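Please take a moment to look over the sequence and the three-dimensional structure shown here before reading on.

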Amino acid sequence: MIRQLLFPLLLLSTTLSLPAAPLDDQYVLGPDSLPQEGVPRGKVVPMPNWKSQIFPGTERTWWLYVPAQYDGSTPASVLVIQDGGASKGDPKQTGPNNATFVLDNLIHKKELPVTIAIFISPGSFPAASPDAKPRSNRSFEYDSPTDLYARFLLEEILPEVSKQYKLTDDPEQRAICGNSSGGICAFTVAWERPDAFRKVISHIGSFTNIRGGYIYPPLIRKTKPEVAKNHYNTPELQKVLESRRKIRVFLQDGKNDLDNQFGNWPLANQDMAAALSFAGWEHQFVMGEGTHNGKHGAAIFPDTLRWLWKTAK
């Protein structure tokens with residue numbers, strides 16, 4: 001019985017996006033998402049498979065993008081991209097959203113600071129036998145509204161990258177991006193550790209009841225100052241509140257996104273946007289016509305990064 005209940009959960013959480021429907025074909029990549037003549041290319045740095053201590057028994061692939069303008073003299077901004085490490089750093093890899101081309105172009109035009117991107121896969125448990133398949137840990141890592149994934153990044157991954165490259169400690173210069181379950185994971189990281197990450201990109205985010213992610217809209221609403229005074233009554237909680245209200249959030253979804261036993265994705269994202277508006281957070285919400293697919297998010301990714309790194313209000 002337990003396996004029967006878990007199967008639809010695993011099926012949903014391990015699917016990054018469904019096949020593109022005609023509704024999604026209207027979203028195409030623009031010039032900033034394609035290689036441009038005269039723009040220096042950053043380098044792709046494959047990293048050894050990572051065996052996590054925070055997620056014991058898991059392994060994952062990952063790689064780095066280092067812009068041509070990085071010279072080590074000053075700390076680089078940071079962009080973490082979920083579901084990004086499957087290629088093990090193939091030199092032809094561009095990452096989700098054609099991200100390396102986008103970073104090349106925007107950094108070259110000085111519309112983005114010098115930024116090192118970390119493309120990382122969710123963990124999986126190695127196959128128990130030669131005829132078995134690895135078991136994904138994606139849903140547990142991404143859909144769980146806990147501090148574990150934030151700790152994984154801050155205690156394992158960023159220190160490892162910092163052995164080779166100088167990264168900023170400024171939370172205003174650290175961003176995390178993801179699609180679907182990776183989208184809610186991106187928000188969770190900033191919510192749990194606003195002292196470390198304050199820029200969030202969620203495409204078709206799963207703010208539904210896969211593992212309790214529907215909790216965020218009411219929690220966000222309680223950060224409104226006149227509401228928060230009844231909930232944050234210690235100096236420590238007040239400090240957390242102040243940090244959380246500095247998080248900048250970009251949400252994208254489509255009117256024809258998923259509607260299933262875990263919830264309705266368009267309604268959940270609208271609920272998130274309404275809560276952010278109510279609480280006074282700086283955010284942007286783009287609702288298109290698409291399905292549970294990454295095309296729309298990829299098409300607007302350059303403008304998303306421009307907005308995310310604009311001067312704070």
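Predicted model: local features only at pLDDT ≥ 70, side-chain atom pairs only at ≥ 80, totals over all residues.

Residues are numbered from 1 along each chain as its sequence is written, and side-chain values use heavy atoms, with hydrogens and water left out.

Leaving aside residues up to four places away in sequence, Leu79 touches Leu103, Thr115, Ile116, Ala117, Ile118, Ala175, Cys177, Phe301 and Leu305, where contact means heavy atoms within 4.5 Å. Ala68 is 11 residues from Leu79 along the chain, and the C-alpha atoms of the two are separated by 16 Å.

The next topic is a pair of helices. Helix α2 (residues 99-108) packs against helix α11 (residues 301-308) at an angle of about 50°, and their axes are 10 Å apart; axes are lines fitted to C-alpha atoms, for helices over the stretch in contact, and angles run from 0 to 180 degrees between N-to-C directions. That angle makes α2 oblique to α11, because angles under 35 degrees count as roughly parallel, over 145 as roughly antiparallel, 65 to 115 as roughly perpendicular and the rest as oblique. From α2, the residues Ala99, Val102, Leu103 and Leu106 meet Phe301, Pro302, Leu305 and Arg306 of α11. These contact residues divide into 7 nonpolar, no polar and 1 charged, where Ala, Val, Leu, Ile, Met, Phe, Trp, Tyr, Cys and Pro count as nonpolar, Asp, Glu, Lys and Arg as charged, and the others, Gly among them, as polar.

The axes of helix α4 (residues 148-161) and helix α5 (residues 181-192) come within 8 Å and cross at roughly 75°, so α4 is roughly perpendicular to α5. Tyr149, Ala150 and Leu153 of α4 make this contact with Cys185, Val189 and Glu192 of α5, and the residues involved divide into 5 nonpolar, no polar and 1 charged.

What is the count of disulfides? The count comes to 0, a disulfide being a pair of cysteine sulfur atoms within 2.5 Å. The sulfur of Cys185 is 11 Å from the closest cysteine sulfur, in Cys177, which is too far for a bond. Cys177 counts as buried at 1% relative accessibility, and Cys185 also counts as buried, at 1%.

Backbone angles are the last topic. Most residues other than glycine have a negative phi. Asn98, although not a glycine, has a positive phi of about 50°; Asn98 is found in the loop between β3 (77-82) and α2 and is buried, with a relative accessible area of 17%. Lys110 also has a positive phi, near 60°, and lies in the loop between α2 and β4 (115-120), but Lys110 is exposed, with a relative accessible area of 76%.

Conventions: Helix = DSSP H or I, 4+ residues; strand = E, 2+ residues; numbered from the N terminus. Buried < 20%, exposed > 50% of the residue type's maximum accessible area, 1.4 Å probe, protein only.
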